Structures are given as C-alpha cells and as structure tokens.
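Hi everyone, thanks for coming. Let me put the structure up, and then I'll walk you through a few parts of it.

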Amino acid sequence: ERYKTSPDENARTQFRRQIKDDFKDMTCRMIEDGVAETAAAIASETVGLDALCDLVDKVLDLYEAAVVKPETGSAVKNRRAQVTISINQEGNLKFHSDGSQTDLRFSIPLIGDVPAIARGGSVDWVFHDDIRNAPVADDSIENTPELVEAIRAWNAKVCAPEGEVMAAEGSLLVYKGGGLVENPCLRRSTSVAAPEPKMIVVTVDHILEDEVEQQIAMHLPESDNEGPESGED
C-alpha cells in the first residue's frame, strides 16, 4: 500500500494497476525465456486478470472490515496493507507463523498446495518455543529425506495430527499474527518439496510501516525496485 503509487491512486486502484503490470511483465519474461508467445500471453489475458483483481477487491472488503477498530472507525496506525500473489513457490513443511510481522493475514490458496492449520488448543507451545527442540539445521542434509522426516517428527510434537485442520482450495483462511496475539496461528505446507511446485496463493497482510522496506527487499527483485511502475502488490 502506497509503494510507488501515483498521486491520483487509492489503494484499490494501485493494487489493480500493479497486479496487471506485473503479469504483463511476467508474459514478457516468459517469452524471453523461450516460452511460445501464445502460451505466455495466457498470463496477461484481460479476462483472467480482471477476475483476479475482482477477487483481491472482495478480500480487501473483508480485510478492511476486520482491521478497522470499532471504537475509532479506522485501522490500526503505523500498518499498511500488503497484497502478495505467490505462484509456484515451495511451501514450508515446518509449522510456522508470521511472528509479529502482521496482526492479521487473509489467505486464499487458489490452486495446489493447501496448508494444515494447528488448532490453538492442540499446540505444545513450550516445546515449540524451545529452540533446543528445533530440527537440526545442517546444510549437508538440506532437501533430503532425512530432513523431511526430522521436520515431520518435530511437527507431530508441536501439534499432533488429530489437532490439525486441513484447508481446501479456494477457502478463505484467517490467521492471527504475533502483532495481535501472543501465540500466533501455526500452519504448515502439506506438499513434499518438488522441483516444479504448482500453486497460486493470494495473501493480504497488515504489516508495520517500519518493515515495508524489508518486505520490498525480500519479495521484489532489485531490477523491479528501480522501475517506475513495479511495486509490492
């Protein structure tokens, strides 16, 4: 929100423009990488982009109603909305949260990997918070069956399988973050790491203004930061 926005844009107009610009840029990059123009053009088809933008608008309607404080009629100060569209990214098999990065996250897994969510009352927070119990971080076993099994064993001690709730494609998931509660919502990916993961997830966060630059550096390539039109959606 408000990152590389035009003077006459509100947040909704900004997000719609940036989403369309980014998908058009994706088409260009796919062609540069050797994808046939007809196939690459699908990424920036008007009908699909309009539908995606309409979905983001509807999620923002719900999100804004959730973050507005009834007593003041306005959202929490010093936080900005951040819309992220994740495509074909590897999921995190380990139970995790957003820490204090956000107070509330709305997420819709449209295609592919859907998370398993730990019921709050089923989490062993003492075990979870003790860093001595974390799976061994050893570069020599990264992306190996041994590490996957170590993570699964750790997950089962954090939250037993019967304490998990499975999400579904197209569902709206609402996560309380560390900016709102002491014990934020934990979830994990349910897909084993694959060379070419297939997933699309739309996420809306409420991040601290102090962390905006960090988020930009984390999610946007350096070349995008320099352009006049690209931005964090």
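This is a predicted model: local features need pLDDT of at least 70, side-chain atom pairs count only at pLDDT 80 or more; totals for chains, interfaces and linings use all residues.

Residues are numbered from 1 along each chain as its sequence is written, and side-chain values use heavy atoms, with hydrogens and water left out.

Let's begin with the four-stranded sheet. Helices (H or I, at least four residues) and strands (E, at least two) are DSSP runs, numbered from the N terminus. Two strands pair if DSSP finds at least two bridges between them. This sheet is open, its order is E3-E9-E4-E7, and the pairing is antiparallel. At the edges we have strand E3 (79–87) and strand E7 (173–176), each pairing on one side only. On average, neighbouring strands are turned by 20° against each other, direction ignored. For angles like this, axes are lines fitted to C-alpha atoms, for helices over the stretch in contact, and angles run from 0 to 180 degrees between N-to-C directions.

Inside that sheet, E4 and strand E9 (residues 199–208) are joined in the antiparallel sense by eight bridges. Arginine 105, for instance, stands opposite aspartate 205 in E9.

Now have a look at serine 107, in strand E4 (residues 102–112). Is serine 107 buried or exposed? Serine 107 counts as buried, because its relative accessibility is 7%; the cut-offs are under 20% relative accessible area for buried, over 50% for exposed and partly exposed in between, with a 1.4 Å probe and protein chains only. Contact here means heavy atoms within 4.5 Å.

What lies across this sheet? Helix H3 lies across E3, E4 and E9, and runs at about 155° to E4.

H3 also has a helix partner. Helix H1 (residues 11–32) packs with helix H3 (residues 46–67) at an angle of about 145°, and their axes are 10 Å apart. From H1, the contact includes Phe15, Ile19 and Phe23, and from H3 it includes Leu49, Leu52 and Cys53. By class, the contact residues divide into eight nonpolar, no polar and eight charged. In that scheme Ala, Val, Leu, Ile, Met, Phe, Trp, Tyr, Cys and Pro are nonpolar, Asp, Glu, Lys and Arg are charged, and the others, Gly among them, are polar.

Three strands form an open, antiparallel sheet in the order E6-E5-E8. Strand E6 (164–166) and strand E8 (187–189) each have a single partner strand, so one side of each is left without a neighbour in the sheet. The twist averages 25° from one strand to the next.

Strand E5 (residues 115–118) pairs with E8 over three bridges, and three bridges also join E5 to E6.

Last, the cysteines. Cysteine 53 counts as buried at 1% relative accessibility, whereas cysteine 28 is partly exposed at 43%. How many disulfides are there? The count is zero, with a disulfide taken as a pair of cysteine sulfur atoms within 2.5 Å.
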